[in-house]
Amino acid sequence: MIAAGCDVGSLTTKVAITRDGSIIAHHIVETGFKPDLAAKNAMDGALSKANLSIDEVGYCVSTGDGGKNVSFAGKYVSQLLCLSKGSYFFIPSVRTVVDVGGNATRAISVGKEGRVLSYRLNDKCAAGGGRFFDVLAEALEVKLDDLGPLSQQSKSPLEIASQCTVFAESEVISLLNDGKDVVDIIAGVNQSIASRIASLVRNIGVKEDVVMTGGVAKNIGVIKSLEGWLGVGIKTVPADPQIVGAVGASLLAEKELQES
Amino acid sequence: MIVAGCDVGSLTAEAVIMSDGEILSSEIIGVRPKPEQSAKDVMDKALQKAHLALEDIDYCISTGYGRERIPFARDNISEISCHGKGAHWLIPSVRTVIDVGGQDCKVIRVDANGKLQNFIMNDKCAAGTGRFLEVMAKTLEIRLDEIGPLSLLARNPVVITSMCSIYAQTEVAASIAQGAGRHDLAAGITRAMAERVNSLVVRVGVEEDVVITGGVAKNTGVVKSLEVMLRVNTKKFTVDPQIVGALGGALFAKEKFLQK
């Protein structure tokens, strides 16, 4: 039984293909301004990695902000449930999912078998989300993937006073102009974003195990800062943290096949 | 008796020199890296225009973001009081002052004597401040002062739903990709800007007469949209709306000098 999950996010689109409860391939592309095309490209990429054609996929579930119009999907499921199911698949002891994606940050309280008990969402303000890092990396002329490792070199993280991404960008530029060390600025930004994520997570109550997903889960600096703010250890999945929603969607697609 | 007010903001600095209840000269400059330098430069220009030297000024009050760092000012007063004072002197019937500056927005209620009654301020989030328009102008690749005139030619203003400047920027970029015209984009932006200012105004309530001060008062598109939302016609100044804070400073300087 082969199924697929397609997660069309604001910045990236992810497809995971599973067979009988194991992942056989995944593919990530940038969403751009044409979500339908991104979904198709992500699916084609994953199919080619798995040496499959679309006809061999029994069922596909779509999810994500732009996932409602995916032509090859049989059903749309909320991202919260997909993230929850995906996290539970990787780490069955999960009780809290912290998903920090491109345009939204979600804290999900997870119950039995990956059910969603409650959640908090910030998709109104870029502060505390992945977009903040894009803006920052550009301002600092540092690669997005280097932000985490660089922040770990800092001995005295600077305090970033601005909450707003636009104002923080200016603050970061003036810190640079004042001759401050880039690693201390990056560490300061990680701290400040982690504190905003932490206040969202505290709202639903922190229950271990806490699993972090989404692109920002690749930033070790944010994870460490968040562990500090929440006072608990944070786990990451043994796969690309960006595909957790797509994996959850694919597992839900398998369930649809079983029930049909 | 010659008095002066000096308003050092985040983007511009203004100086007003007054004598016997009349404005002798006023100047506006873009800010220098340090507030002290901005204050000195703008004051020098205003002095030159009035054929005066710094020694001729009997009393000077500073205001604005950099107000505590102006060496030649005898005292400093908050920009909220100064905008209220300046606006009331220019238009005595004013009861609501909406000041939209480079990186903040204030709504100030004054009584019949120009005394501060109540105010509300947003300096935490770029939405509803001049910075929002700057970010948008950059996205459209046009000059800041082109947005207003362009917006007046729109037929179908694009709808911008995000409050966050960063997310709104993404929305505008998507509209550009879909082929929206510059006029419609500009009108969407001025409307979005006005909505954000309006949401602050309704929190303190609006009482006529209403004036708009600060650089954004020069944006006809934003002013028109805001007038529609507030259901009032705003009063227009006979002087540049950006000098109102500095003018208020000069008026306070006169009072202080007379008290002495």
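## The largest nonpolar core

In this predicted model, the largest nonpolar core has 36 residues, and the members that touch the most others are Ile98(B), Phe132(B), Leu133(B), Ile189(B), Met193(B) and Val197(B). Several elements of chain B each supply at least two residues of this core, including strand 6 (96-100), strand 7 (105-110), helix 3 (130-140), helix 5 (165-177) and helix 7 (220-230). Helix 6 of chain B gives the largest share, ten residues.

Let's zoom in on Leu133(B). Beyond its neighbours within four places in sequence, Leu133(B) is in contact with Leu144(B), Ile147(B), Ile189(B), Met193(B), Val216(B), Asn219(B) and Val222(B). Apart from the core described above lies another core, of 35 residues, with Val98(A), Leu147(A), Ile185(A) and Val232(A) among them.

## Two domains in chain A

Chain A splits into domain 1 (1-91 + 240-260) and domain 2 (93-236). Taken over C-alpha atoms, the centres of these two domains of chain A are 25 Å apart.

Where they meet, 16 residues of domain 1 of chain A are in contact with 25 residues of domain 2 of chain A. The two bury about 1700 Å² between them, and 66% of that is on carbon and sulfur atoms. On the domain 1 side, Leu80(A), Ile91(A) and Pro241(A) lose the most area, together 36% of what that side buries.

## Polar links between the domains

The count between domain 1 and domain 2 of chain A is one salt bridge. Asp240(A) and Lys218(A) form a salt bridge through their side chains, at 3.5 Å from N to O. Nine residue pairs are in polar contact across this domain interface of chain A. Helix 2 (residues 79-90) of chain A brings eight residues, the largest share of the domain 1 side that touches domain 2.

Definitions and conventions: Residues numbered from 1 in each chain as written. Chains lettered and ligands numbered in written order. Predicted model: local features only at pLDDT ≥ 70, side-chain atom pairs only at ≥ 80, totals over all residues. Heavy atoms only, no water. Core = buried A, V, L, I, M, F, W, Y, C linked by side-chain atoms within 4.5 Å. Buried < 20%, exposed > 50% of the residue type's maximum accessible area, 1.4 Å probe, protein only. Helix = DSSP H or I, 4+ residues; strand = E, 2+ residues; numbered from the N terminus. Contact = heavy atoms within 4.5 Å. Domains from an automatic or database assignment. Buried area = accessible area lost by both parts, 1.4 Å probe. Salt bridge = Lys/Arg side-chain N within 4 Å of Asp/Glu carboxyl O. Polar contact = N/O pair within 3.5 Å; in protein donor to acceptor, adjacent residues only side chain to side chain.
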